[in-house]
Structure formats: C-alpha cells, structure tokens
Amino acid sequence: MEGFISLLEAIDGVVWGPIMLTVLVGTGIYLTIRTRFLCWRNLGHAIGNTISKEARQTKGEGDVSPFAALCTALAATIGTGNIAGVASALAVGGPGALVWMWISAAFGLTSKFTECAMAVRYRIKNEKNEMLGGPMMSMERGIPMVYGDKWKRFGRGLAIAFASFAVVASFGIGNLTQGNSIA
C-alpha cells in the first residue's frame, strides 16, 4: 500500500508542480493577449445575453439554450476541488493566496472561453441530427483544418488519448477528491 501511495505522490508532484501551474497560467496569459482581451472586453455583454429571459428559451437551430449551455459548462468546471482548494489555499497560504487565485482565474477565464469557442467552431451533427462537440472534436477536426490533412491521424490520436484519459480519470476524480476533502 505504501508503494501505491508513493506512486500517487510522485504523480501529484509532476501533475500539480510548479511547471504545470506555470503552463496553465501561461497559456491563459498567451490566449488573453492573442485574443486581444476579447472575453474581458465583452464580459458584460456575454453575461447579459446568457442570463436574459430570451436566452433561457431554446430557439433556433441549437439543442440547448445559451443559459443551459452556460450551466453545463459551469457544472463541468466547478466542483469539490474548487471549494476545498480555496479553503486549503487560504489555510496554507493566507490571504495572499486569494489574490493569486483571482489573478489566475482572470486568465483562466480566457482559457475557458477559448475552449468553448473551439468546441462550437468544430462541432458537427451526427446521423440523429444531434450536435457533437467538445475537446475531442476540436482535436480531431481542428488540427487537420488548421495544419492540413497530413495532421489528420495526429489529431485523431490526440482525441482518442484525451477521451481515454478522461475515462480513466473519471474513476478517481470525483471519489478521491471528495473523500480527501471530507477527510
């Protein structure tokens, strides 16, 4: 059992070490600059259009309303780790940790915006006329569209790897995080 715990701690050190945190925040900074602060400039407009009465009603070609899409995206993003993570960061790092969480969240906003925009850009309809999208479709369809057909196999491989890792992670993300938070 101690060997398994050592393995988990080693993986945790790599996955959530300073390098990964730098990559995550750095990507958010890069995307914010690259999009010329698009989601920050239009945040008020986006919120108004998303939570308005008209946005809560399904109209047009989409399967869900803009409000339902927002709720789905938030449900997939916010979880036990966000709640317990803030409490842990405040306990360990003090009030200064909250400032850095706000700064990283501001750039994380652009990362989430870009993720959602790509999911919409590369989505398709299946045989049942249902929309298929998300990170897998962005990789499978987006990489060949941007870099050419010679990258088609690479994009598909990344999509399969992402889906596989998501399935494996689904067994531990909810239960291990919640159990750890409760303990």
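Helices (H or I, at least four residues) and strands (E, at least two) are DSSP runs, numbered from the N terminus. This is a predicted model, in which local features need pLDDT of at least 70 and side-chain atom pairs count only at pLDDT 80 or more, while totals for chains, interfaces and linings use all residues. Residues are numbered from 1 along each chain as its sequence is written, and side-chain values use heavy atoms, with hydrogens and water left out.

**View 1. The protein chain as a whole.** The protein chain has nine helices and two strands, and along the sequence these follow the pattern α-α-α-α-α-α-α-β-β-α-α. The C-alpha trace spans about 50 × 40 × 30 Å along its principal axes. Of the 183 residues in the protein chain, 14% are buried; buried means under 20% relative accessible area, exposed over 50%, and partly exposed in between (1.4 Å probe, protein chains only). Among contacts with a separation of 6 or more, 40% join residues 24 or more positions apart, where contact means heavy atoms within 4.5 Å.

**View 2. Confidence along the protein chain.** The predictor's confidence in each residue is given as pLDDT, from 0 to 100. The mean for the protein chain is 85, and 92% of its residues reach 70 or more. Helix 8 (residues 135–147) has the highest confidence, at 94, and helix 5 (residues 66–77) the lowest, at a mean of 77. Where pLDDT is low, the predicted coordinates should not be read in detail.

**View 3. Helix 2 against helix 7.** Helix 2 (residues 18–34) packs on helix 7 at an angle of about 65 degrees, and their axes are 8 Å apart. Axes are lines fitted to C-alpha atoms, for helices over the stretch in contact, and angles run from 0 to 180 degrees between N-to-C directions. The two helices are therefore roughly perpendicular to each other, a term for angles of 65 to 115 degrees; under 35 counts as roughly parallel, over 145 as roughly antiparallel and the rest as oblique. Val25, Thr27, Gly28, Ile29, Leu31 and Thr32 in helix 2 meet Ser104, Phe107, Thr110, Ser111 and Thr114 in helix 7.

**View 4. Thr110 and its contacts.** Thr110 is part of helix 7 (residues 95–121). Thr110 counts as buried because its relative accessibility is 0%. Apart from neighbours within four places in sequence, Thr110 contacts Gly28, Leu31, Thr32, Thr35, Cys39 and Trp40.

**View 5. The loop between helix 2 and helix 3.** Arg36 is found in the loop between helix 2 and helix 3 (38–41), and Phe37 lies in that loop too. Neither is a glycine, yet Arg36 has a positive phi of about 55 degrees and Phe37 one of about 60 degrees. Most residues other than glycine have a negative phi. Arg36 is exposed, with a relative accessible area of 62%, whereas Phe37 is partly exposed at 36%.

**View 6. Aromatic rings.** Four aromatic pairs are found in the whole structure. Trp151 and Phe154 form an edge-to-face pair, 5.5 Å centre to centre with 80 degrees between the planes. Rings of Phe, Tyr and Trp (its six-membered ring) pair if their centres lie within 6.5 Å; planes under 30 degrees apart count as stacked, over 60 as edge-to-face and the rest as tilted. Trp151 is partly exposed at 36% relative accessibility, and Phe154 is partly exposed at 44%. Phe37, Trp40 and Phe107 form one aromatic cluster.
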